[in-house]
Amino acid sequence: MSNGKRPQGRPGGGHPGGPPGMSMPGEKPKNFKATFKRLLRYLKPRQNRLIAVFIAAILSTVFMIVGPKIMGMAITELFEGAYNKLTGTGTGIDFGTIGQILMLLAGLYVFSSLFNYIQQYIMSTVAQDTVYDLRQDVNKKLEKLPLHYFDSRPNGEILSRMTNDIDTIGSTLQQSLTQFITSVVTLVGIIIMMLTISPWLTLIAFVSLPLSLFVIQPILKRSQKQFANQQKSLGELNGHIEEMYTGHSVVKAFGHEKKAVAQFDEVNEELYEAGRRAQFISGIIQPLMTLIGNFSYVVISVVGGILVTQRAISIGDIQAFITYSKQFAQPIMQTANIANIIQSTVAAAERVFELLDEEEEKKESTALHLERAKGEVVFENVDFGYGEDLLIEDMNIQVAPGQTVAIVGPTGAGKTTLINLLMRFYELNGGKIEIDGLDTRDMSRNELRQNFGMVLQDTWLFNGTIRDNIAYGKNGATEEEIVAAADAAHADHFIRTLPDGYDTVLNEEASNISQGQKQLLTIARAILADPPIMILDEATSSVDTRTEIFIQKAMNRLMEGRTSFVIAHRLSTIKDADLILVMDKGNVIEQGTHTELLEQDGFYADLYNSQFAEKVAI
Amino acid sequence: MLKILKNLAPYKWFVAAVVLLIFGQSMADLFLPTLMADIIDNGVVKGNIPYIWEIGGWMLLISALGAVAAICASFYSSKAAMGMGRDLRRKVFSHVEKFSLQEFDEVGTASLITRTTNDITQIQQVVIMLLRMVISAPIMLTGGLIMAISKDAKLSLVIVAAMPVLVGAILLILKKGVPLFQEVQKRLDRLNLVLRENLTGIRVVRAFNRETEEKARLQKANRDLTDVSIRVNKIMAFMMPIMMLVMNLTVVGIIWFGGIRIDNGGMQIGDLMAYIQYVMMIMFALVMASMMFMMVPRAAVSAKRINEVLEMKPAFQDLGNKIADRERGTLEFDNVTFSYPGAEEPALSNISFKAKPGEITAIIGGTGSGKSTLINLIPRFYDISEGAIRVNGVDIRQATQDEVRSKLGFVPQKAILFTGSIADNIRFGKPDATPAELEHAASIAQATEFISGLKEGYETELEQGGSNLSGGQKQRLAIARALVRKPDIYIFDDSFSALDFKTDAKLRKALKDETKDATVLLVAQRVSTVVDADRIIVLEKGRMAGMGTHEELMKNNEVYREIAYSQLSEEEIA
């Protein structure tokens, strides 16, 4: 997350470094190179700014690296002045020269900080703009994806790609990218500076490098292993917690609380053990690094002392060299860390790109136009299946304008499929659907859907005012139209009893109004949209009788003068329907009017007789 | 936050050890620059190589001691921090396990999960940081100051001048930045909300042709987030450069003034170099301390959420001590009234009936009529407001909850299964069930066929939530789990809904023999499934609208007749 950042210590100034950020073993992207390249393409429009960032980063780092050397010059000057004064061979410290050197040093530091600021300042727009573009691309992709994509995976997963993964990319761009550059520049710069001071001392410093790598490497490996263990235990524990909490009633009913706690304790103990180890091992690294640093410090002092006595090197250079050798290890650690971060970032980018590469909805043809349908609906030899197997085979339906079609059958056995096909959320495998004699595939989806209204059991309202939610049905609806629709849906009264009336803002879960009221709002929305064809679900859940009557009335009102497909739950609706579709397992197995179907003496008749007629007769 | 930190109490000796060790480590760190100064002043300057070796040896020794102290500190601090995390997690989890469904309703399951997992991890992280870095900050700060002043008091005026600048700058940046961070979070939530709405409502969005408007809404949320993110990052961009600048300029100042001191003979060159090191330590400690201001407010939010859970008392206590075995296989509701907390109207009122062994009692009614509520009262998931419920002739408030629940075989509406094998899941009902008992329960639940069809049979591992089984299979396992206990009272909360007609019929037949000595309570949606019941209770809006057999009710109960008439389309027949 973009706010999860902390100012990261950059090498400089000779202070002891921050804690070594422990890198988790990052997830590996499948195709690093291609994804990385594609990610770079997102940076392309900001090329110039990015170059400016790089230049600023390099300048800032270079100035910072030169610092100790100049400081060394000042100290040498001081030392020699003092020394000469002491031995009586000079006039003492030349404050003029020192002043000049220090002015130069101060200037360097000011510029270094300035460039550092410029770099971060520009980078914040570069990073955020890139993330903006990426999100925008995802948003645009959303409307092009077929419904199949959304139905076939959990919302959480899609959401995670859109938010977490993109956030990861953002914070890496913001921090790690420039850090990588400065680390490399620092490393190279330090080596150069050290070499210019004394190749011999550099050699000694380099000897300590493999030493530290030798010591740190195995620890780092173990630490990564422990962190992985910790992550695993944490996952297990969280899984257990989730399971026990969601199954709380069952756990209680069977008296399993103690066992649940015992099991929890076991995993919790594992987590403690793994976490303790991981933390401990990662805590070892810093002191060891310091120790090794001090070791090379002593050696450098000894060798430096010899060199100074031979007048081969100045005292200030030794000070500078020590500062450099201390900063030496940090960029190496950092680069290793960042390599890990970049890897997991590319993995995140890969997931986002996967989404962007998903197959899009079939291109629509706009050969035909349908302004406002009369409402004739024909299914002709329709074949359809979600996967390989056909769910519907050779289905034929004829619905005349204004007719009511009742859909009867087990819940979940076809209503979604029917909606999916009618509104062309899914493509047919064979046959065709015609509205007013026009093939639905020859018109734009927008035009087709304009002719449909939909009131389902699971109401969908969004976080906004009631007015906006009703107005969703029609672009640019006037206040009068909205109120009239609400009135027709028997919703006007309850809306007016709310403290803010039509301006009441529905909260996230829309839990500030009841389920039945939500349903009334969706009906009002459909009334406002005024489509010639309606799809309705009669089922009402958790609704009191009064509201239920309202909903029923509103639905009847909605069906007037329209072709209606009703997922029927009431005998009266079924009996009065012009056509009954008996569905089972996704397919329409019988169709006809109530009387026709009874005469047919098939599935419907069985259903009706065995479940109703007989018992009613008793 | 402080309240949560009290959980460190059992580890106070560890924490004390950490403080002590870090103190030792800091002392070592503080001593090193002085030794370095000696090396330079007496060794390097004078060309005294043996002296360098000698002091160098001391340096190594001291820094080794420092390293050992640091490693030990890390040992104890990880023990303390992770130990506290473990204890806290345990405390919250076992506390939540005591909750009735009432508390679950109040906080929400999802929220309880985050509080037990993420929030505690967050706290743990902060405690690690506290123990590892923040403790050393004041020690280094005071130590560094003392050392610096002892080296040269006058030169310390430079530090006195620099410190407020550094602290002031950091605090100013944080003051500007932190509210913006909160704004970022808010807008991120907003973006997530709009995205989620778009995902859940995708059909509605497309049905109403609102793709363009939704895109604009998303774009606006995106733009808002981007803008504030850029703003916050621009402010945070000040942080590092300013910190570095103040530190570096302080050093420049010290060299200048130190030079004057050296010129006066008040200081030696090595001392100056040591002095610079001390200043760095001081400044760095200050930066560390400022980081506290970033970390603590965040952890405080988590701490508050955890405390809320811990402070929540279960709504009622488990105080009974009777044994529930007076009249086996009976269940009695005696004028029971129940209201959900805060509700204006009771969810159930004046429910009375008595069920005897071998009888089947069915409960029927519309959605929201109170069927599931009624059932949830029997295992005492909620406490009734008036009247009494008697299991085996004993008031459930006078026996322990465990005792009452051990008499019940409860099959919930949604078949909830757990990670583990199929056998484990059935054994959930009776931990010491023999294989024969398992198989018997499975066969009555009509689960034998599909279990033996699985490659590993009873040992087949279920994924979380049993997602590798079909709805009907899960339901049958949930039934077997209740059967294996051979309870005195069977409770089925619309538990056959995912079964096909044939299995349903077979199961009911097999159940009949099994439940001869027990009483069966059955919540049903469909009239057809309760025709055979000895007693049907018709619920409407929490009240009993009638009770009797199917025939009786059909004749004289309007509500029941209505339900029967309206149900044709919901029939599920294979």
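Guide: What follows takes a few labels in turn and sets each against its definition.
Guide: This is a predicted model, in which local features need pLDDT of at least 70, side-chain atom pairs count only at pLDDT 80 or more, and totals for chains, interfaces and linings use all residues. Residues are numbered from 1 along each chain as its sequence is written, with chains lettered from A and ligands numbered from 1 in the order in which they are written.

Visitor: Why is A:Asp530 called partly exposed?
Guide: A residue is buried if 20 or more other C-beta atoms lie within 10 Å of its own, exposed if 12 or fewer, and partly exposed in between, with C-beta atoms placed from the backbone. A:Asp530 has 14 other C-beta atoms within 10 Å, so it is partly exposed.

Visitor: What makes the phi of A:Asp530 worth a remark?
Guide: Most residues other than glycine have a negative phi. A:Asp530 is not a glycine, yet its phi is positive, about 50°.

Visitor: Where is A:Asp530 placed?
Guide: In chain A, A:Asp530 sits in the loop between α15 (515–529) and β7 (533–537). Helices (H or I, at least four residues) and strands (E, at least two) are DSSP runs, numbered from the N terminus.

Visitor: What is the class of B:Lys486, buried, exposed or partly exposed?
Guide: B:Lys486 has 18 C-beta neighbours inside 10 Å and therefore counts as partly exposed. B:Lys486 is not a glycine either, and has a positive phi of about 50°. Its place is the loop between α17 (471–483) and β9 (489–493) of chain B.
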